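Please work through the following exercises with the structure in view. Each task is followed by a solution in steps.

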Amino acid sequence: MTRTLRIVTGIILFVFVATHLLNMAFGLISLEALEAARFYFSLPWTNPVGFLLLAGSMLIHGGLGLVAIYWRNTLQMTRYDLLQTVSALLIVPLLASHVLGVTLAANMFSMVPSYESVLTFFWVQAPHEGLRQALVVAVTWIHGCAGLFTWMRLKPWWNRAAVVAYPLAVLIPVSALLGFVEAGNEVIALSAASTVQSAPPSAEIIAKFQTYNTILWSVIGGYVVLVVATLLARMVRLSASKPGIVTLSYLTGDTIRTEGGVSLLEAAEAHDLPHANICKGRGRCATCRVRIISSSEELPPPSEIEQKTLDRFECPDNIRLACQLVPMSGTIELERVLPPDVGLDALRPPSHQVKTDVDNEPEVPAEAAAT
Amino acid sequence: MTYLRSLLSIFALVCLLGGVLPSVGLAQTLLPQVSSDEVAVADEPPSPNDVKELIRLLEDQRIKNWLEKGAEGLSADEAPESQVFGEGLKSQFSATLDRTRERARLLQGVWRHLPDAPALLAAEWRESIAPGGTVRSLTYVLIFLFIGGGLEWLYRQYTSARLLRLQLTHPVSLSGRVRAALSRALLIFGGLAVFTLGSIGGFLSFDWNPFVEELVLILLLLVLALRAIATVSMFFLAPRVRELRLAPFDSPLAKQLHITLIIALSVMAVALAVSDVFSELTEEGAGLAEVQASAFSVSIFAGLICLAAALLAIWRIAGLVKAGSDQLDEEVASAHNQRVFKWRLYLSVLTLVTFVLWLFAATDLMWTVLILGLLPAALALIQGWVNYFFDESENYLLGQDQEAEESAEGEVEAIEGEAGAVELVEEVAEPSEADERRPYDTVRLVTIRFLRIVLVISSVLIVLAAWGTDVFSLAESPTFYGKITSVIVELIVAVLIADLIWTWAKAAIDRRLADYKPPEGPQAPGPEARMATLLPLLRVILLVTLVVMVGLSILSSAGVNIAPLIAGAGVLGVAIGFGAQSLVKDIVSGIFFLVDDAFRVGEYIEIGSLRGVVEGMSIRSLRLRHHLGAVHTIPFGELSSLTNYSRDWVILRMEFRVPFETDIKLVKKLIKRIGAEMLEDPMYKDGFIQPLKSQGVRRMEEFNMVVGVKFMAKPGEQWIIRRDAYQKIVNAFEANGIRLAERNVKVQVVSDRPLTDEEQEAVVGAAQDAVEQKQAAGPPPDEP
């Protein structure tokens, strides 16, 4: 349920960002084209239903992220998780001024935001806001793509979609940023050409501006407080349990010593031991499964997600998912079932695979797998 | 293993060089910025007003006169320069001295200008960039970095599977390792290239205000340089995957080295970039002297930071590598530490000297010192690197042998128990000890030589480029310098290439010769004997050819006309050829006999009426030793047909004359038994190809029958076998009551009374005739 919700809201947000960026790409043609395209691209989002959907997705997706942070046992994570967490945490502070500026400012300063005025603001009046925009595009797009691609890779239609998806993932933000630069150059030229000095702002405007700033900073501050509170709550939750030392000894001869509370996958990655994980530790793909040969302590039983995936692949009891198994202490002897460079074929359960019963094969040495 | 360890120190240098070279590259990419910018400005079309002004000026008579005078002065200046060589050198020297003095004066001002520098530079900055321009430049940097990064990400999506596979497969053969390293380099650096194309290419496809363009470009180049440093270091040190590492370090050491290098070089790159930005700034502005001096102060500071970073990195790396030697035994460790200490000192001094030279603006000299100073380090490094690379492959191969031995040991143990196992292991271990030779020796030598050539030549070219001379045009110019340069360059190239070929050929030939073991005793020589004859000859010919060619090419590059030499040699060659026709015939036919493999040293051959063992061959003739001691010398040209008795096998036939009443079946049985006995006997069993066997009655003679016996043996073994076979057979016949037929002459006397003495004599006299008739047969054939 949580996973479905996260993906659905994520896709909604991603589509919004994509349409917004595509609109921005029209800046490569001209400011007029940019403005003209705005109507069509913002159509789905300006109507009440679209707006509600968008705002709701934003809240749910963000909330789920905080919940996920709360449930983390350790902050030592895989590179993918680190990327997703950090980029997600950055989005709100970076984006707040733009969102509030376009929505609130329109009401407060009674001006209709157009691309020309906003771009002038970004490039001429407050260039640091422009910098922030470029940054937020990068961060948001990376976060969105990472999540979306990880989800799509598990789908049966991925092989066909990949042909288009990879180039598009680069093409959209690149053309948007280039459009941003080109349109920016245009507004810079325009503002340099206009000799009209704007009148000094009246006291009323200054007061309103201060109010706006207060709102902006209280939003950002509130967000920071929320994140800190989540982290604190997590600390409280964890303060009861004391993780021991886990020793993982692989049949290949590698031995890892790590603190408890880290999943096997995270431990392996932290120690540069390559491990197949197509779904990036979400417990869906089962490519990270390991065969437990012996364990000094009793291992925690599989969670619901893990059990479902294991059942789908018809795995015996001693097979576990490295991304889901979180031992707290003890010594575990294990081996990887699949080689680290396993292809997408491994995603299909054994009953659908041409090669039957991968699970019972011994760990394939890398040389053999390469041939 | 100690060999590997001893390379550690050298490998510290690998990293250092890996560090220094990119930074040099960065400096090179950053330093010429000024000139490229000038070109950019010059490329802009002049305004119509400027053109009109220029035309007006050119039409002015005074200007014309002045230009003409200047042109005369120029040609007048130039003429003595080439004629009076010493004069030019002197003026050059004094100019350098002046420049140094000026630089020293500027250096004194550095401290004075330092306090005002930030304020002055900030003011200049505000002047040359529009408000908000600084932040906008950062935005541009971010955007174009994102574009480059995005394209690289796309590239990686298509290549990451291959890269992962490379990381997981660990090829062991040399070619496999080279291929893996090359494809890994290709994939990694391909990503870097895509990134460059996306970021810098994307940026340059827009029009920008010159200073913003310069600023953003410098920042983009900075990021690129940092990435290049990280990529190169990653490629060599592979801190995460031990099997990919091209240097003999364990993972923690490699990680630390990687980090140290990246930090040091990043600091240097950032310092250089900052210094460059400010010098760019003052280039742009009309430039108050004070502002320029401030920029100069900044650049001096950047230089100091670079110096400090380089020194710290050298010391840190030396410390790391030294610490890595702790596990060694004492003697090796101390030798290793001494080497590390020596290199550390050398590189520190080199860095300091370079810095001082830079401080005094002696750029040409600085580059020369730096590059020539780094050359030994680079050579040592390349050697260490190649050696490590080869050692890894060889160790694997040897390790495999060892494993085979161990498994053999295991099997034997299972079968025969411990005592047998020990014996067998000793036996197996022996050949591998004898085969101490490494499998890649020749390739290794040649690779090192080749890389050395490439390094030396490229560093010479870089030094010449640093002196601002185009080596190719210089070599064609008729001046004294040009001549010297071209001669030196050609000499170096010719000698290095000849050296490369000679090393390779000598290594290959020596290896083949070392493989050859002359046959012991009567054993027939193997096919390698032929090579043992030919190869030394080939080696001498090759050496002479190489020396002559190098000498000629040097002479020709020095301006000596070698055409007469070659023509003279040709005429002489023809004359000698006619005069020494038979000699040439001997030599050529000798080579062809050797190629045909007609005979080898140690074989027993027959040529016409001469027979003997081939004792030796010279370039012209063949020496045969007759088995009775006589030595025949036969020129190859005289050989028309030749019989070789030492090839593959010989059949020897023996005959026994037995009386008609002999039991042939018994004879056959006896001979069969003797054949079996001799086959068992360790003395002969290696000599036999087919055992002794009876051929039955070969023919009938007047008074007896002839029983044939034959055997097939290896050449040279047959005589001993025959000797003993005769003896054994005769003994066996005697023991079994088989008499050998004796010659007897029956004289039939038709009379029944006893013969008188006279009559008996007459009978003997009559028989004498028959006996003497038979004995007329010639002497037995000649055999050793």
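**Exercise 1.** Determine how many residues of chain A are in contact with chain B, and how much area the two chains bury.

*Solution.* In this predicted model, the contact involves 34 residues of chain A and 27 residues of chain B. The next step concerns area. The size of an interface is often given as the accessible area lost when the parts come together. For chain A and chain B, this buried area is about 2700 Å². Carbon and sulfur atoms account for 75% of it.

**Exercise 2.** Identify which residues form the salt bridge between the chains, and state which helices supply the side of chain A that touches chain B.

*Solution.* Begin with the count, which is one salt bridge between chain A and chain B. Its partners are A:D272 and B:K255, whose closest N and O atoms lie 3.3 Å apart. Next, consider the helices: α5 (115-125), α6 (127-152), α7 (158-193) and α11 of chain A each supply at least two residues of the side that touches chain B. The largest share, 13 residues, comes from α7(A). By class, this side of chain A has 25 nonpolar, six charged and three polar residues.

**Exercise 3.** State where confidence in chain A is lowest and where it is highest.

*Solution.* The average pLDDT of chain A is 83, and 92% of the residues score at least 70. Confidence is highest in helix α1 (residues 2-25), at a mean of 91, and lowest in helix α11 (residues 366-370), at 38. Over residues 353-371 of chain A the pLDDT is below 50. Beyond near neighbours in sequence, that stretch has 30 contacts in the model.

Conventions: Residues are numbered from 1 along each chain as its sequence is written. Chains are lettered from A and ligands numbered from 1 in the order in which they are written. This is a predicted model: local features need pLDDT of at least 70, side-chain atom pairs count only at pLDDT 80 or more; totals for chains, interfaces and linings use all residues. Side-chain values use heavy atoms; hydrogens and water are left out. pLDDT is the predictor's confidence in each residue, from 0 to 100. Helices (H or I, at least four residues) and strands (E, at least two) are DSSP runs, numbered from the N terminus. Contact means heavy atoms within 4.5 Å. Buried area is the accessible area (1.4 Å probe) that two parts lose on being put together, summed over both. A salt bridge is a side-chain nitrogen of Lys or Arg within 4 Å of a carboxyl oxygen of Asp or Glu. Ala, Val, Leu, Ile, Met, Phe, Trp, Tyr, Cys and Pro count as nonpolar, Asp, Glu, Lys and Arg as charged, and the others, Gly among them, as polar.
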